Amino acid sequence: MLHFNLGNMSEINKKLLIMGNSAIARGDYQTFLSICSDDTVWEFVGDRTLRGKAEVRAYMAGSYLTPPVFKVSHLIAEGEMLTAVGEISLLGRDGKWTEYHYCDVWEFRDGLLETLRAFVVEKIK
């Protein structure tokens, strides 16, 4: 059994998200889902809310036609909260890439990604 010093939880959570993002970038969505709680909730502010792994899996299948490209500029952590700020590019059904700015606010529970509040805005060209 792993035991962590609570003073290091922020760094552990950062490493877990980096590992998860790397899995998504490889197209390994199942590995990413393995670090999410079964009852994970993803709120895309102003758009939609996904509840549970099945809805997140369906979202990934429909939105990530090819693995997205991440550029994380900041990871800010405190306790069980982690904020990731950066850019993400998604390939659309029209074959064109669209770039977005994002700010993801994650909350962890029992070492897993439990809730996400995602603020996503298309970049102005």
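Leaving aside its neighbours within four places in sequence, which residues is Ser10 in contact with? They are Ala77, Glu78 and Gly79, where contact means heavy atoms within 4.5 Å. The place of Ser10 itself is in helix α1, helices being DSSP runs of H or I with at least four residues and strands runs of E with at least two, each numbered from the N terminus. The side chain of Ser10 reaches the backbone nitrogen of Gly79 at 3.2 Å.

The model is a predicted one, in which local features need pLDDT of at least 70 and side-chain atom pairs count only at pLDDT 80 or more, while totals for chains, interfaces and linings use all residues. Residues are numbered from 1 along each chain as its sequence is written, and side-chain values use heavy atoms, with hydrogens and water left out. The mean pLDDT of the chain, pLDDT being the predictor's confidence in each residue on a scale from 0 to 100, is 92, and 94% of the residues reach 70 or more. Confidence is lowest in α1, where the mean is 92, and highest in β2, where it is 98.

## Sheet and helices

Strand β1, which spans residues 36-44, runs antiparallel to β2 and is joined to it by 4 bridges. Within this pairing, Val41 has Arg51 of β2 as its bridge partner, and Glu43 stands opposite Thr49 in β2. The two strands form a hairpin with 3 residues between them, and Gly46 in the turn has a positive phi of about 80°.

## Aromatic pairs

Rings of Phe, Tyr and Trp (for Trp, its six-membered ring) are counted as pairs if their centres lie within 6.5 Å, with planes under 30 degrees apart called stacked, over 60 edge-to-face and the rest tilted. By this rule the count comes to 8 aromatic pairs. The rings of Trp42 and Trp106 have centres 5.6 Å apart and planes at 85°, so this pair is edge-to-face. The pair links distant parts of the chain, with Trp42 in strand β1 and Trp106 in strand β5, 64 residues apart. Tyr59 and Tyr64 also form an edge-to-face pair, at 5.9 Å centre to centre and with 70° between the planes. Ring pairs link Tyr29, Phe32, Trp42, Phe44, Tyr59, Tyr64 and Trp106 into a cluster.

## Burial and individual residues

Burial is expressed as relative accessible area, where buried means under 20%, exposed over 50% and partly exposed in between, using a 1.4 Å probe and protein chains only. Tyr59 and Tyr64 are both buried, and values for several other residues are listed here.

| Residue | Relative accessible area | Class |
|---|---|---|
| Trp42 | 3% | buried |
| Trp106 | 4% | buried |
| Ser10 | 16% | buried |
| Thr98 | 19% | buried |
| Met19 | 41% | partly exposed |
| Asp110 | 72% | exposed |

Thr98 is found in strand β5, and, not counting residues up to four places away in sequence, Thr98 touches Ile88, Ser89, Leu90 and Glu122. Met19 belongs to helix α1; between Met19 and Thr31 there are 9.1 Å in space, C-alpha to C-alpha, although the two are 12 residues apart in sequence. Asp110 lies in the loop between β5 and β6, and has a positive phi of about 55° although Asp110 is not a glycine.

Notes. Pairing = 2+ DSSP bridges. Polar contact = N/O pair within 3.5 Å; in protein donor to acceptor, adjacent residues only side chain to side chain.
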